[in-house]
Amino acid sequence: MISDPLDAAEAANLTHDRARRAMIDSQLRTSGVNEPFVLKRMAAVPREQFVPASSSGKAYMDRAIRLENGGWLPAPLVQGKMLEEANPSGIEHAIVVDGGSGYLAELLRPLVAELTVISPEEAVGTGRKGKGANLLVIDGAVEEIPAKLAGRLADGARVVTGLVGNGVTRVAVGRKTASGISLMPVFDTGIPQLHAFDTPKGWSF
């Protein structure tokens with residue numbers, strides 16, 4: 001007997017809906033991510049649509065997923081914590097440096113007045129997309145935030161990013177000031193590294 005493809009699709013959707021609820025209850029809430037706007041967005045946006053079809057069954061696992069474009073979809077807790085720390089008020093112009101999935105940008109999209117999405121390569125380049133933004137969210141861990149990217153931000157802009165230090169990755173927050181961007185780690189967790197932001201290595205003898 002051949003099953004109805006519509007029945008199979010409905011069953012898959014039901015499985016993903018259950019996995020999404022389990023993600024919220026077992027990963028986010030138990031780790032202290034409880035802001036209603038975060039939970040509402042992560043309940044509404046289907047993570048399985050942001051990974052290859054072959055990885056859709058892993059979309060809600062507590063792990064990062066490698067994407068076909070070479071990027072990553074970080075674990076749900078990472079992006080939930082970043083969204084919580086961003087705490088958008090609805091009036092910001094935000095820049096999201098996308099790690100390859102587009103998922104974090106979609107979470108943030110209805111929560112800000114304007115959203116500019118750029119790749120890591122665009123972020124470290126000479127472009128001006130997002131000029132004057134007052135919120136920067138980087139969907140991955142970086143060694144540094146280059147001056148060219150900081151130059152796209154308004155004075156006082158808030159920053160949420162992953163940060164690499166001594167082999168440890170953390171969610172970090174900060175602000176742009178006249179002297180640059182200073183970051184403060186707030187949450188240790190595994191975050192895929194964005195190597196476009198690696199600090200240039202000097203010569204050693």
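**Salt bridges and selected contacts in the predicted model**

The side chains of arginine 109 and glutamate 106 come together in a salt bridge, with N and O 3.2 Å apart; a salt bridge here is a side-chain nitrogen of Lys or Arg within 4 Å of a carboxyl oxygen of Asp or Glu. Arginine 109 counts as partly exposed because its relative accessibility is 40%, and glutamate 106 is likewise partly exposed, with a relative accessible area of 28%. The burial classes are set by relative accessible area: buried means under 20%, exposed over 50%, and partly exposed in between (1.4 Å probe, protein chains only).

The model is predicted, so local features need pLDDT of at least 70 and side-chain atom pairs count only at pLDDT 80 or more, while totals for chains, interfaces and linings use all residues. Residues are numbered from 1 along each chain as its sequence is written, and side-chain values use heavy atoms, with hydrogens and water left out.

Searching the whole structure gives nine salt bridges. In general, side chains of opposite charge can pair when their charged atoms come close. One of the salt bridges links the side chains of arginine 20 and glutamate 48, at 3.1 Å from N to O. Arginine 20 belongs to helix α1 (residues 5–28) and glutamate 48 to the loop between α2 (36–44) and β1 (65–66), so this pair ties together parts that are 28 residues apart in sequence. Helices (H or I, at least four residues) and strands (E, at least two) are DSSP runs, numbered from the N terminus. Both arginine 20 and glutamate 48 are buried.

Another salt bridge joins glutamate 122 to lysine 129, whose closest N and O atoms are 3.6 Å apart. Glutamate 122 is partly exposed at a relative accessible area of 34%, and lysine 129 is partly exposed at 43%. Elsewhere, salt bridges with shared partners connect Asp17, Arg20 and Glu48 into one network.

Two further residues round out the picture. Glycine 90 sits in the loop between α3 (76–86) and β3 (93–97) and is partly exposed, at 35% relative accessibility. From glycine 90 to arginine 109 there are 19 residues in sequence and 9.6 Å in space, C-alpha to C-alpha. Beyond its neighbours within four places in sequence, glycine 90 is in contact (heavy atoms within 4.5 Å) with Leu111, Val112 and Ala113. Threonine 189 lies in the segment after β8 (180–188) and counts as buried, at 18% relative accessibility. Leaving out residues up to four places away in sequence, threonine 189 touches Val78, Thr169, Arg170 and Val171.
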